[in-house]
Amino acid sequence: MSEQATQTERRWYRLAAGMTLLYVGLVLGGTWLVQQPAASGPWLRGMVGLLTPLPMLALLWKGRRIMLGLDGVESSIYLRSTSAAFFVTAALSLTYGLLEAFAGLPRPSAFLTFLVAMGAWGVATAWLSWRLSS
Amino acid sequence: MKNRVAELRRERGWTQRELGERLGVSRQTVIAIEKGRFDPSLPLAFRIARVFGAAIEELFQPDDESA
């Protein structure tokens, strides 16, 4: 990998570490805040819910820009695996939502959607990496 | 898209990693191009042509076009 790519990697890891720390801080701070009896209310919970993911969104947006800026097969793998993960997650979420509504299946944890999306992304990335360059 | 990247690289005795460093891309990208599984962008195709001192059309050829 070129020197420019190495510098980009270093910047990315610094940003990822900073944004993850900020995210953990916001989750902990938000949890503490909504648990205060004097400060509870739907608006506060909504604010915490909307503001807490911002560091992760910023990090993912930056990661997306870096990946799409790469002039190589990595950019293609990223685009294809992300779209595959999106459609797999959408299809599974829709199917499970319909089964939940009509067949009374139990409501799953929100973590499940995250795990499905990340799992599909990981599998698609590994498969495409193998398929395109092995 | 067929290409002569692997052939020209071997003629010069370069490894895939060395070619990747000259082009500013990963070894994974070089492998994918050589195997014809990834078509490089136009700027990358120009860089490849410059590295080998050849014209783009000498390096890349559409699948449906015979030599």
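Which residues touch the most other members of the largest nonpolar core? Among its 22 residues, they are B:V5, B:L19, B:I33, B:I48, B:F52, B:L59 and B:F60. Such a core is a set of buried Ala, Val, Leu, Ile, Met, Phe, Trp, Tyr and Cys residues joined through side-chain atoms within 4.5 Å. Buried here means under 20% relative accessible area, exposed over 50%, and partly exposed in between, with a 1.4 Å probe and protein chains only.

Before going further, please keep in mind that this is a predicted model, in which local features need pLDDT of at least 70 and side-chain atom pairs count only at pLDDT 80 or more, while totals for chains, interfaces and linings use all residues. Residues are numbered from 1 along each chain as its sequence is written, chains are lettered from A and ligands numbered from 1 in the order in which they are written, and side-chain values use heavy atoms, with hydrogens and water left out.

Back to the core: at least two residues each come from α4 and α5 of chain A and from α1, α2, α3 and α4 of chain B. Helices (H or I, at least four residues) and strands (E, at least two) are DSSP runs, numbered from the N terminus. The largest share of the core, five residues, belongs to α4(B). Have a look at α3(B) too: six of its eight residues are buried, so this helix is largely enclosed by the rest of the structure. The buried ones are B:T29, B:V30, B:I31, B:A32, B:I33 and B:E34. Just after α3(B), B:G36 adopts a positive phi of about 75°.

Now for the aromatic rings. Over all chains there are three aromatic pairs; rings of Phe, Tyr and Trp (its six-membered ring) pair if their centres lie within 6.5 Å, and planes under 30 degrees apart count as stacked, over 60 as edge-to-face and the rest as tilted. One of them joins B:W14 and B:F52, whose centres are 5.6 Å apart with planes at 25°, so this pair is stacked. B:W14 lies in the loop between α1 (5-11) and α2 (16-23) of chain B and B:F52 in helix α4 (residues 42-52) of chain B, so the pair ties together parts that are 38 residues apart in sequence. Both B:W14 and B:F52 are buried. B:R22 lies over the face of B:W14, 4.0 Å from the ring centre; a charge sits over a ring if NZ of Lys or CZ of Arg is within 6 Å of the ring centre and within 35 degrees of the ring normal.

In chain A, the rings of A:F86 and A:F87 have centres 5.1 Å apart and planes at 80°, so they meet edge-to-face. A:F86 and A:F87 are exposed. The charged end of A:R64 sits over the ring of A:W61, 4.3 Å from its centre.

A:R64 also leads us to the largest pocket, where A:W12, A:G63, A:R64, A:M67 and A:Y78 lie nearest the centre among 47 lining residues. On a 1 Å grid over the protein atoms alone, a pocket is an open set of points where a 1.4 Å probe fits, with protein on both sides within 12 Å along at least five of seven lines, and lining residues have an atom within 4 Å of a point. The largest share of this lining, 13 residues, comes from α3(A).
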